[in-house]
Every structure is written in structure tokens, then in C-alpha cells.
Amino acid sequence: MIKDFFRTLLFDTTVGDLGGAAGDAGSGSGAGAGDVPQQSPWILLVYVALFGALFYFMMYRPQKKKEKQKKNMLEGMKKGDKITTIGGIQGRIAQIKDDAIVIEVASIGSAEKVKLEIQKWAIGTVDSQDDSDAD
């Protein structure tokens with residue numbers, strides 16, 4: 001019963017008359033040579049739903065997951081964590097501001113470490129501070 005319902009829903013077997021393609025205008029019933037089976041309009045909705053589901057699972061959902069991971073990474077960083085920017089600069093976090101951070105990138109001889117202020121969106125990766133790496 002359900003199988004028949006879906007069969008008629010997806011593949012409606014109503015036959016349309018093309019008007020005289022077979023040559024006999026008097027026979028309105030019966031299958032002639034010019035009769036073409038019509039598809040149900042519901043098949044279009046099925047295709048749209050399948051395409052929407054495919055779009056969601058292939059593009060939208062992974063992008064949202066990646067954005068959520070990046071947001072959690074940026075919220076979880078703290079002073080002393082080692083970071084790498086999207087430009088490849090590596091350093092340790094010295095100070096965290098609202099929309100920027102200050103990183104220490106190098107020390108030259110006995111001079112103070114070089115500090116750079118970068119925007120938070122420019123952070124590529126954050127590695128938590130290890131006790132063995134502490135200077």
C-alpha cells in the first residue's frame with residue numbers, strides 16, 4: 001500500500017493526449033502513438049530536498065564546525081601559549097587585549113624580546129604551554 005502510494009506520487013501514470021498525433025481524433029481513450037506519460041510534480045520537490053540535504057552535509061555543516069573550533073581555540077588561549085599566525089610568524093603570547101594580542105617572537109643577544117601586536121583573526125594555531133618548554 002505504501003509502495004503504491006509512493007509509486008503514484010513519484011511516477012504518476014496519467015496519459016496526456018497530444019491531439020491528433022495518431023491521426024484519429026475520435027478515440028479519446030486508449031494509448032495512441034502520440035501519447036506521452038507525465039511525471040508527477042512531486043518528483044521536483046524530492047530532487048530539491050535531496051539537493052538541499054547534500055548542500056547542507058557537504059558544505060554548510062563542515063564550515064560551521066570549523067568556525068566553532070576556531071572560536072573555541074581563540075577563547076581558550078592564555079598568556080604563555082605558543083602560537084603561529086596565518087603568515088607563519090611563531091611566538092609566545094605576552095598580553096591579550098580585546099581584539100588583538102601581543103606576542104614575543106625572538107630575543108637578540110641580551111636585549112629584550114621583540115614584541116609584535118597582531119589581530120586575533122590572524123592566528124592560525126595555538127599550542128598550549130608545556131611545562132618542559134617554559135623558559
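Reader: What share of the contacts between residues at least 6 apart in sequence joins residues at least 24 apart?
Author: In the protein chain that share is 38%, a contact being heavy atoms within 4.5 Å. This is a predicted model, where local features need pLDDT of at least 70, side-chain atom pairs count only at pLDDT 80 or more, and totals for chains, interfaces and linings use all residues. Residues are numbered from 1 along each chain as its sequence is written, and side-chain values use heavy atoms, with hydrogens and water left out.

Reader: Which elements, in what order?
Author: The protein chain has two helices and seven strands, running α-β-β-α-β-β-β-β-β from the N terminus. Helices (H or I, at least four residues) and strands (E, at least two) are DSSP runs, numbered from the N terminus.

Reader: How many bridges join S3 to S7?
Author: Four, and the two strands run antiparallel. Thr84, in strand S3 (residues 82-85), stands opposite Thr125 in S7.

Reader: Thr84, buried or exposed?
Author: Thr84 counts as buried because its relative accessibility is 17%. The cut-offs are under 20% relative accessible area for buried, over 50% for exposed, and partly exposed in between (1.4 Å probe, protein chains only). Beyond its neighbours within four places in sequence, Thr84 contacts Ile89, Gln90, Ile123, Gly124 and Thr125.

Reader: Switching to charges. How many salt bridges does the structure hold?
Author: Three, a salt bridge being a side-chain nitrogen of Lys or Arg within 4 Å of a carboxyl oxygen of Asp or Glu. One joins Lys97 and Glu117 at 3.2 Å, N to O. That pair links distant parts of the chain, with Lys97 in the loop between strand S4 (90-96) and strand S5 (100-106) and Glu117 in strand S6, 20 residues apart.

Reader: And the one with Asp81?
Author: Lys78 is the partner, with the closest N and O atoms 3.4 Å apart. Asp81 is buried at 1% relative accessibility, whereas Lys78 is partly exposed at 43%.

Reader: Where do Glu67 and Lys64 lie?
Author: Both are in helix H2 (residues 42-75), three residues apart, about one turn of the helix. Glu67 is partly exposed at 42% relative accessibility, and Lys64 is partly exposed at 41%.

Methods
Pairing = 2+ DSSP bridges.
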